[in-house]
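Subject: A structure for you to look at

Hi,

Here is the structure I promised to pass on to you. Please open it and keep it beside you while you read my notes below.

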Amino acid sequence: MVTKVLMVCLGNICRSPLAEGLLRSKVDPDLVLVDSAGTANYHIGKRPDERSIAVASKYGIDISHQRCRKIVPSDLEIYDHIYAMDKSNYQKIVSLSQTVAHHCKIRLLMEETASQPWEVPDPYYGGPDGFVEVFHMIDQACDIIARKIALNPK
Ligand code: 4NP
């Protein structure tokens, strides 16, 4: 059985593409399906932000093939785990959920690390250092998620 994970941020061009690429790099592709989406529709169809592509590439991860999409209500049915990068996006995903089962799938990504901060900051309006910082935060959370899924697959 394949475990399906969806990473969600606002624009789906900075944080969640990194989360998609990082988690995918740590799991067996036959056992875990990873995707990402945004809660906004600003950049639909676009590649990830060049600064995300650059930091991922520095660590050997190619995210340039990804294309931005907006989360849709059926994602809450399809995916087993839905990770929000921050509380604002968490609330937007929760507002799409229609059942308790859907609601239970939604978590803040950084909660997996069991240590603050609970939110991955939005690096969009900052410089490249912000992208390096969020890369390492997301990397830490994805290590834990990959281990958890390996121990407890769907
Ligand atoms: P993301 O960052 O949610 O990590 O993809 C953002 C990307 C674009 C915008 C905001 C945040 N924007 O306002 O266009």
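Aspartate 75 is buried, because its relative accessible area is 3% and the cut-off for buried is under 20%. Do keep in mind that this is a predicted model. The side chain of aspartate 75 forms a salt bridge with that of arginine 69, at 2.9 Å from N to O. Arginine 69 is partly exposed, with a relative accessible area of 22%.

Why might such side chains pair at all? Side chains of opposite charge can do so when their charged atoms come close.

Next, have a look at arginine 51, whose side chain meets that of aspartate 49 in a salt bridge (2.9 Å, N to O). Here aspartate 49 counts as buried, at 13% relative accessibility, while arginine 51 is partly exposed at 25%.

Then there is lysine 26, which has a salt bridge to aspartate 143, again listed with its N to O distance of 2.9 Å. This pair links distant parts of the chain: lysine 26 sits in helix H1 (residues 15-26) and aspartate 143 in helix H6 (residues 128-151), 117 residues apart. Are these two buried or partly exposed? Lysine 26 is partly exposed, at 28% relative accessibility, and aspartate 143 is partly exposed too, at 31%.

Salt bridges can also join into a network, as they do for Arg107, Glu111, Glu112 and Lys148.

Happy exploring, and write back with any questions!

Best wishes

Conventions. Residues numbered from 1 in each chain as written. Predicted model: local features only at pLDDT ≥ 70, side-chain atom pairs only at ≥ 80, totals over all residues. Heavy atoms only, no water. Salt bridge = Lys/Arg side-chain N within 4 Å of Asp/Glu carboxyl O. Helix = DSSP H or I, 4+ residues; strand = E, 2+ residues; numbered from the N terminus. Buried < 20%, exposed > 50% of the residue type's maximum accessible area, 1.4 Å probe, protein only.
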